[in-house]
Amino acid sequence: MECMNIIMEFMYTCALPEGLAEDMVCNLDDVIIRVTANCWLLNQLIELLVASTTLLISSAQKAITNRLARILTTENVLSILELAELYDADRLKDAALEFIERNFVDIYHQPEFKRAFEGATGKTKEDFDRIIEEFEEQTGIDVKKSWLE
């Protein structure tokens with residue numbers, strides 16, 4: 001189903017389609033999302049988020065960001081966080097940050113996290129600083145030092 005048909009169907013049913021696919025890279029402008037599962041769904045949700053934002057269909061935006069929050073993985077969370085910031089999806093941003101905090105041991109060593117940390121501003125920067133500080137206190141691992149190794 002193409003994006004606009006899904007948006008039209010959502011407007012009548014308030015439901016999004018389900019779907020699965022295997023390894024794929026999805027690209028939206030400069031946001032590249034690497035995933036190992038649910039990529040068809042992820043790609044469709046990104047297109048739908050763009051369309052619903054453009055068309056100002058807030059109920060669809062909410063449903064889409066809720067679905068994105070349910071398919072977060074250590075491989076896609078940083079890109080979805082970037083997407084949430086790009087489209088001012090605060091609930092999705094909060095879900096992504098909570099996921100990062102819960103799975104930080106699997107995320108902090110990724111080059112993508114270092115880039116996200118270095119490019120972060122405002123509240124996201126504060127959240128990253130807090131997550132790193134709490135992780136360092138709990139584990140004794142110096143995250144920033146580990147990036148130099």
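**Close-up views of the nonpolar core and its aromatic rings**

**View 1. The surroundings of Leu68 in the predicted model.** Once its neighbours within four places in sequence are left aside, Leu68 is in contact with Leu42, Leu45 and Leu49, and also with Ile80, Leu83 and Leu92.

**View 2. The largest nonpolar core and the residues that touch the most other members.** This core holds 37 residues, and those in contact with the most other members are Leu68, Val77, Ile100, Phe104, Phe113 and Phe128. At least two residues of the core come from each of the helices α2 (39–54), α3 (58–70), α4 (77–86), α5 (90–102), α6 (104–107), α7 (111–119), α8 (122–139) and α9 (143–148).

**View 3. The stacked pair of Phe104 and Tyr108.** The structure holds seven aromatic pairs, and one of them joins Phe104 and Tyr108, whose ring centres are 5.6 Å apart. Phe104 and Tyr108 are both buried.

**View 4. The tilted pair of Phe117 and Trp147.** Here the ring centres lie 5.4 Å apart and the planes meet at 55°, so the pair of Phe117 and Trp147 is tilted. This pair links distant parts of the chain, since Phe117 belongs to helix α7 and Trp147 to helix α9, 30 residues apart. Phe117 is buried, as is Trp147.

**View 5. The cluster of aromatic rings.** Phe104, Tyr108, Phe113, Phe117, Phe128, Phe135 and Trp147 are linked into a cluster through ring pairs.

Key:
Residues numbered from 1 in each chain as written. Predicted model: local features only at pLDDT ≥ 70, side-chain atom pairs only at ≥ 80, totals over all residues. Heavy atoms only, no water. Core = buried A, V, L, I, M, F, W, Y, C linked by side-chain atoms within 4.5 Å. Buried < 20%, exposed > 50% of the residue type's maximum accessible area, 1.4 Å probe, protein only. Helix = DSSP H or I, 4+ residues; strand = E, 2+ residues; numbered from the N terminus. Contact = heavy atoms within 4.5 Å. Phe/Tyr/Trp six-rings, centres within 6.5 Å; stacked < 30°, edge-to-face > 60°.
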